[in-house]
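Have a look at the picture before reading on.

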Amino acid sequence: MSHFWRLKMMLTWLAVATMTVFDVSNLFAASPHAMRPERPADSPAVVRAGQDGSHLLLHLVVADVIDGRLKIARGDVRALLMEARIGYTGLAVSGRTLQVRITNPAQLEAAKTALKTVTDVAPDSRVQEMTLDSGKAGLLKFTLTDAGLKYQTSNAISQSIKVIKNRLQDLRVAGTVAQPADQDGILVQTSDIADRQTLEKILTRPGRLSFHLVDLSMPVNDAISGSPPVGSLVVYTQDDPPVPYLVENRVILSDKDVLDARPTYSGQQNDEPVVVFRFGAKGAARFKQVTTQNVGKPLAVILDDHVISAPVIREPIDGGYGQVSGNFTVREANTIAMLLRTGPLPARLTIAEEAR
């Protein structure tokens, strides 16, 4: 029996376009039957011999850096106040400020003590990222400092360069250099490539993956015409026309839990391109727990703010492997797998300048 047939027999399909569990250890060992990553160029070599190099100047969207840092602070504030059993309301972000109102004025000082770590100096940088102002009626305001923003931007630049280098290496783009440029820029220099536009899209694509339970408490059209339930939001597919889903804000698993990803074929009658991924130990345990507790419910897979699949969980999923399908082309499956292998960008990147 051939290796390919053995792989097909091991597939345990839940439904069309659903999560799947199967033994894919051989696939992650570079199975010859797996789809090989598709390069930006039509030919395997993306570098045009005899051409001069070109450069690309990318701009980091600083607003994303601010949003990301305040999102972390918001989670910290929520967790610390709940742990201290201190009531609050109005936890919200505006600009560079996070504010929260302590409902019982008698607990205000206790809240300040509980939230002290939010404004502590970062031990690895000696930078105070957040300051605290206490207003009237128990209102606490945490503001991201200029030094804190500079520190976070520098970290985001460093992380973005790491991701860019990983993607260029994965794509086998030769003769590349990626380095900081000014305070919020990244200069990428490469040998001239055959498909520059595709490469630019890949380098600037966020690559953020997350898994969310679909909220079945109300019809999605009611949420669109009215307002979603607290803790849920409407997310659309990239179909034409887009298909809406009401999903819970709570992230079940994310790209941080994915150790590896590979494109392959479904093995079904239509044999469509799919992406198989492998979780780490913690992610695998979490995936099993969630699928065990939510049999019969749909689980939305969101990539870069769009639903790419929303399978119904038919049975607990064990083994640490999963699959995403969504009427992908071969190129799309290769690109998604590459994004999962190389990790997400910490903030959006835009093209500020390009030259040959």
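The axes of H5 and helix H6 (residues 196–204) come within 9 Å of each other and cross at roughly 140 degrees. Keep in mind that this is a predicted model. How do we label a crossing like that? Angles over 145 degrees would count as roughly antiparallel, and H5 and H6 are therefore oblique to each other. The crossing of H5 past H6 is right-handed. On the H5 side, the contact is made by Ile164, Arg167 and Leu168, while H6 brings in Leu199, Ile202 and Leu203. Here's a handy bit of background: an α-helix has 3.6 residues a turn, so residues three or four places apart point the same way.

Now for H5 itself, which covers residues 146–170. With 25 residues at 1.5 Å a residue, H5 should span 36 Å, and because its end C-alpha atoms are 36 Å apart, the two values agree. Just after H5 comes arginine 172, with a positive phi of about 60 degrees.

Next, the aromatic rings. The structure holds five aromatic pairs. One of them joins phenylalanine 277 and phenylalanine 279: the ring centres are 5.0 Å apart, with 70 degrees between the planes, so this pair is edge-to-face.

Technical notes:
Residues are numbered from 1 along each chain as its sequence is written. This is a predicted model: local features need pLDDT of at least 70, side-chain atom pairs count only at pLDDT 80 or more; totals for chains, interfaces and linings use all residues. Side-chain values use heavy atoms; hydrogens and water are left out. Helices (H or I, at least four residues) and strands (E, at least two) are DSSP runs, numbered from the N terminus. The expected span of a helix is 1.5 Å times one less than its number of residues. Rings of Phe, Tyr and Trp (its six-membered ring) pair if their centres lie within 6.5 Å; planes under 30 degrees apart count as stacked, over 60 as edge-to-face and the rest as tilted. Axes are lines fitted to C-alpha atoms, for helices over the stretch in contact, and angles run from 0 to 180 degrees between N-to-C directions. Angles under 35 degrees count as roughly parallel, over 145 as roughly antiparallel, 65 to 115 as roughly perpendicular and the rest as oblique. A crossing is left-handed if the near helix is turned anticlockwise from the far one by less than a right angle, and right-handed if clockwise. Contact means heavy atoms within 4.5 Å.
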